[in-house]
Amino acid sequence: MLDEYGQLTDEEIFFRLKDGEFVEVVDGELQFIGSVFPQNGMHMPYPNAGERLAFGRDLGKDGRTKACPWTLREAYDNRRRKLAEPYYRVTRVTRLGRHHSEQLNVIWEGQGADALSTEYPIQVLDGKLVDPLARSVHPDGYVATHYTFNVWVGHTAPEQGEGYWGEWMDPRPRADARELRGF
């Protein structure tokens, strides 16, 4: 067996296919979420030769070390990256009237730029860039809307309150805008 550094070891570990589990981020931690079988619409793909696995260790009934639970290493690494993604917040700022009174509304808060892009995608439609979070000005000029982006600065999730929201640039990928401009 190869260890996590690719070194050959003498250790033998028993893998039972039914012990395969999906891994997800639950309450800010990476966790195995239980065996998933075809009868409920999902199944853990069986590993192919050469694929790397991530697993916990347990003792089997016979006293040998077994991998329980286990998952595909690629899926495990993808979830670890998700866990490390920053939290973002989008606030709609609406200026009302000549005296510039403003209304602030948090319209989105979540983890990762991909989640924000899914909710508010930047698209190219009919050769024009369409951004649902673009600045807008009402025709009478008295109402204007823009959006601010924040990133959570702290070592915990925002709901735990140990940090603060700092100003940030729009984190959504801008590939569509580059395509429109010919970059």
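# Reading charges in a predicted model

Tutor: The protein has three helices and twelve strands. Keep in mind that this is a predicted model.

Student: How many residues does the protein have, and what share counts as buried?

Tutor: There are 183 residues, and 27% of them count as buried. The protein exposes about 13000 Å², and carbon and sulfur atoms supply 50% of that.

Student: Now to charges. Why can side chains pair up?

Tutor: Side chains of opposite charge can pair when their charged atoms come close. This structure holds seven salt bridges.

Student: Which side chain does Arg79 meet in a salt bridge?

Tutor: Arg79 pairs with Glu24, at 3.1 Å from N to O. Arg79 sits in helix α1 (residues 73–84) and Glu24 in strand β2 (residues 21–26), so the bridge ties together parts 55 residues apart in sequence.

Student: Is Glu24 buried or partly exposed?

Tutor: Glu24 counts as partly exposed, because its relative accessibility is 26%. Arg79 counts as partly exposed too, at 27%.

Student: What separates Arg73 and Asp77 along helix α1?

Tutor: About one helical turn, because Arg73 and Asp77 are four residues apart in helix α1. Their side chains form a salt bridge at 2.9 Å, N to O. Asp77 has a relative accessible area of 22%, so it is partly exposed.

Student: How far apart are the closest N and O atoms of Asp170 and Arg172?

Tutor: They are 2.6 Å apart, and the two residues form a salt bridge. Now look at the cover. Arg172 counts as buried, at 3% relative accessibility. Asp170 is partly exposed, at 21%. The cut-off explains the labels: buried means under 20%.

Student: What is Lys66 in contact with, leaving aside its neighbours within four places in sequence?

Tutor: Its contacts include Ile13, Phe14, Asp19, Arg57 and Leu59.

Student: What share of the protein's contacts with a separation of 6 or more comes from residues 24 or more positions apart?

Tutor: Those residues account for 48%.

Student: Which residues form a negative surface patch?

Tutor: Asp27, Glu29, Glu109 and Glu159 form one. Patch members have no salt bridge. Find Glu109 in strand β7 (residues 101–111). Glu109 counts as partly exposed, because its relative accessibility is 45%.

Note on methods:
Residues are numbered from 1 along each chain as its sequence is written. This is a predicted model: local features need pLDDT of at least 70, side-chain atom pairs count only at pLDDT 80 or more; totals for chains, interfaces and linings use all residues. Side-chain values use heavy atoms; hydrogens and water are left out. Patches are made of residues with over 30% relative accessible area and no salt bridge: like charges are joined within 9 Å, nonpolar side chains (Val, Leu, Ile, Met, Phe, Trp, Tyr) within 5 Å. Accessible areas come from the Shrake-Rupley method with a 1.4 Å probe; for residues, only the protein chains shown count as cover. A salt bridge is a side-chain nitrogen of Lys or Arg within 4 Å of a carboxyl oxygen of Asp or Glu. Lys and Arg count as positive and Asp and Glu as negative; His and the chain ends are not counted. The place of a charge is taken as NZ of Lys, CZ of Arg, CG of Asp or CD of Glu. Helices (H or I, at least four residues) and strands (E, at least two) are DSSP runs, numbered from the N terminus. Buried means under 20% relative accessible area, exposed over 50%, partly exposed in between (1.4 Å probe, protein chains only). Contact means heavy atoms within 4.5 Å.
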